[in-house]
Amino acid sequence: MALPTSQRPPVERRGRVLPLGPVALLAARVVLHWDFTSADLATVECYARTLASGGGLALQHDAIVSSGFGSLLWVALLAGAALVGLPIMTTAKLVGALFAAAALYLLPAVPRRLNGRGRARLVDLLPALILALHPAVGLHAAGGLETSLTLLLLVVALRIYVREERAFEAGQPLSGLG
């Protein structure tokens, strides 16, 4: 049973607070680059709008189905946003920023778990800080590109892999394939 936040040891709270540093750096970069919209996003918007309106995976209605987009999952996500009436461009930018922030928040747990440490250390922030300071991460997040979705999926896959490795070493693999 989890302890209330006020009763948790400082070490446990630190593990939840420290990753907010890279997230804050990313937020500053996203705000700085918010006016940037990638030309690729305009293409993805056309595909998402056509898909949402029943025209299939085509650049426009009555066009040949093609694959002029980088990520089917991103197009499908934005088509879903269009179906519920959300503006595609704004949704792509907001969701991209949220996905990048989630990836940077989750990433510091990977080196900590990989090394078998229970407590968070500042060095665990290094991968997330490097990504937060890289200009492309903030630019792509603010630009509405699928890069943030890819980054988040990669970090989640890394966390699952590390957890599986730890469980395997303990004789209890999560996948049941031990």
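The chain has 9 helices and 0 strands. Helices (H or I, at least four residues) and strands (E, at least two) are DSSP runs, numbered from the N terminus. This is a predicted model: local features need pLDDT of at least 70, side-chain atom pairs count only at pLDDT 80 or more, and totals for chains, interfaces and linings use all residues. Residues are numbered from 1 along each chain as its sequence is written, and side-chain values use heavy atoms, with hydrogens and water left out.

**Confidence**
- The mean pLDDT of the chain is 83; pLDDT is the predictor's confidence in each residue, from 0 to 100.
- A score of at least 70 is reached by 83% of the residues.

**Overall build**
- Along the sequence the pattern reads α-α-α-α-α-α-α-α-α.
- The chain holds 178 residues, and 37% of them count as buried (under 20% relative accessible area; exposed is over 50%, partly exposed in between; 1.4 Å probe, protein chains only).
- Of the contacts with a separation of 6 or more, 66% join residues 24 or more positions apart; contact means heavy atoms within 4.5 Å.

**Helix α4 against helix α5**
- Helix α4 covers residues 72-83 and helix α5 residues 88-106.
- They pack at an angle of about 125°, with their axes 10 Å apart.
- Axes are lines fitted to C-alpha atoms, for helices over the stretch in contact, and angles run from 0 to 180 degrees between N-to-C directions.
- α4 and α5 are therefore oblique to each other (under 35 degrees is roughly parallel, over 145 roughly antiparallel, 65 to 115 roughly perpendicular, the rest oblique).
- α4 passes α5 in a right-handed crossing: the near helix is turned clockwise from the far one by less than a right angle, while anticlockwise is left-handed.
- From α4, Trp-74, Leu-77, Leu-78, Ala-81 and Ala-82 take part; from α5, Ile-88, Thr-91, Ala-92, Val-95, Gly-96 and Phe-99.
- The residues of this contact are 9 nonpolar, 2 polar and no charged (Ala, Val, Leu, Ile, Met, Phe, Trp, Tyr, Cys and Pro are nonpolar, Asp, Glu, Lys and Arg charged, the others, Gly among them, polar).

**Helix α3 against helix α5**
- Helix α3 (residues 39-52) packs on α5 at about 115°, with the axes 10 Å apart.
- Leu-41, Ala-42, Glu-45, Ala-48 and Arg-49 of α3 meet Ile-88, Met-89 and Ala-92 of α5.
- This contact has 6 nonpolar, no polar and 2 charged residues.

**Thr-90**
- Thr-90 lies in helix α5 and is partly exposed, at 37% relative accessible area.
- Its C-alpha atom is 9.6 Å from that of Gly-143, 53 residues apart along the chain.
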